[in-house]
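Reader: I'd like a close look at one part of this protein, the shell around the ligand. Could you walk me through what lines it and what sits around it?

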Amino acid sequence: MNICIIGTGYVGLVSGACYSDIGHNVTCIDINKEKIESLNKGIVPIFEPGLEELIKKNVKADRLKFSIEFEQGIQGANIVYLIVGTDPLSNGETDLTYLKEAAKSVAKYLTDYKLIAIKSTVPVGTCRKIKKLITKEAGHSNFDIASNPEFLREGSAISDTFNMERAVFGVETDRAEKLLRKLHEKFKTKVVVTNLESSEMIKYAANAFLATKISFINEIANVCEKVGADVTKVSEGIGLDHRISPFFLNAGIGYGGSCFPKDTSSLVKIAEEVGYDFKIVKDVERVNYEQRFKVIEKLKEAIGGKLKGKRIAVLGLAFKPNTDDMRGAPSIDIIYKLQQCEANIIAYDPIASENAKKIIPNLKTTNSILEAANGAHALIILTEWPEFQDIDLEVLEKIMDNNVIIDGRNVFSISMMKSLDFYYASIGRETIYPKGKKSSQ
Ligand code: UDX
């Protein structure tokens, strides 16, 4: 099939690369000329494992093209995807400016029948609005509109696409459904076919539900600490029940990223607009916000209150491992708070430091874990990068000024930490004291 993708952001690029890899001819269009020029040279503007190779492979095979010419992409396409940014405005509403602009551009070149599919996350009712807009701009309705939301995760976006657990088609006609089925044939996935509104809602409900699981387990963790229970065992114990499932039950400093924070607040707003107070999701957001500061409380307790002038090593800045994305990262608020307390912060992240420095003024970073830990009064873990698990803790004991680790992601096992000589506080588990000491240092 011939596919045109409008928008070469994260989801647009990954979708374009994956659709071309299963044999479709894909043209990705963007209004950003520099970005298109870079992509044509094989430079990929985002970090996603495997994406650059996949793009290069399919460009070489002549199945994947990048262009700024809408006409070139749209003419001859069976499906035109709109995959542009829909960030929230300052009043919490979703900014549909880019989506509307993209829709108008498509309308301009809409000569023969096309399926226009929206993959951007949009408030319920948007597909129908875009349909009206395109009809008006094109002067005819020789097209179908569809909602086809995306569920991929950063860091595992390619395997999430190739092994998708389900595809959701919000459609109004059999023709639209058939086209989407044909496009997805090789993914061999389960398909949910529904109307436009339900499909739009599925995306919000999925993300809000996952966010709810995280806030729920974080609250369980907070209680575990007080009653002597271990949240990792509680997660294991409840997760084996297939009705609950073991995923998204890792307690920590809360969720971040470009989707959960945005989609939960959009869902609250969508409900508000129809006169419904979405209480659970509001609480999920509140719990998530408060959770990030637990590590500061634990740090203060560990080093006896005052953080002023204390050298604090921060390990991990990205909102999760395997990405350099800092959008919505809990580390931002945590570091602001540490800065307010006049702590002397030195941070390390394998790849997100440069992005972090653009957001957090005066952030000092280093290129190695040991450099960050050297002479530190305490070390805080904010992202569970796999390399942190391999840290030689005996070396750390020697180079730190004060052996305090506050682990916001439960990277180390309690049994291992008991064999060492650290003050070790994590989330929802017992605090380990240095040998011979039973109270705060
Ligand atoms: C999410 C959804 O998973 C994906 O389906 C949707 O398309 C986009 O939003 P993403 O933002 O890439 O994907 O990251 P995800 O892996 O879901 O993690 C989101 C946040 O939740 C991260 O900050 C992560 O650290 C946190 N998280 C996740 C937890 O705190 N505990 C968990 O058990 C799982």
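Author: Let's start with the helix that gives most to that shell: H9 (residues 196-227) supplies the largest share, three residues. Helices here are DSSP runs of H or I with at least four residues, and strands are E runs of at least two, numbered from the N terminus. Keep in mind that this is a predicted model, where local features need pLDDT of at least 70, side-chain atom pairs count only at pLDDT 80 or more, and totals for chains, interfaces and linings use all residues. Residues are numbered from 1 along each chain as its sequence is written.

In total, 19 residues surround the ligand, and the closest are Glu-154, Asn-250, Tyr-255, Gly-257 and Cys-259 (near means a C-beta atom, placed from the backbone, within 6 Å). By class, the shell has 10 nonpolar, five polar and four charged residues; Ala, Val, Leu, Ile, Met, Phe, Trp, Tyr, Cys and Pro count as nonpolar, Asp, Glu, Lys and Arg as charged, and the others, Gly among them, as polar. Domain 1 (2-194) and domain 2 (203-290) each give at least three residues to the shell, with bounds from an automatic or database domain assignment.
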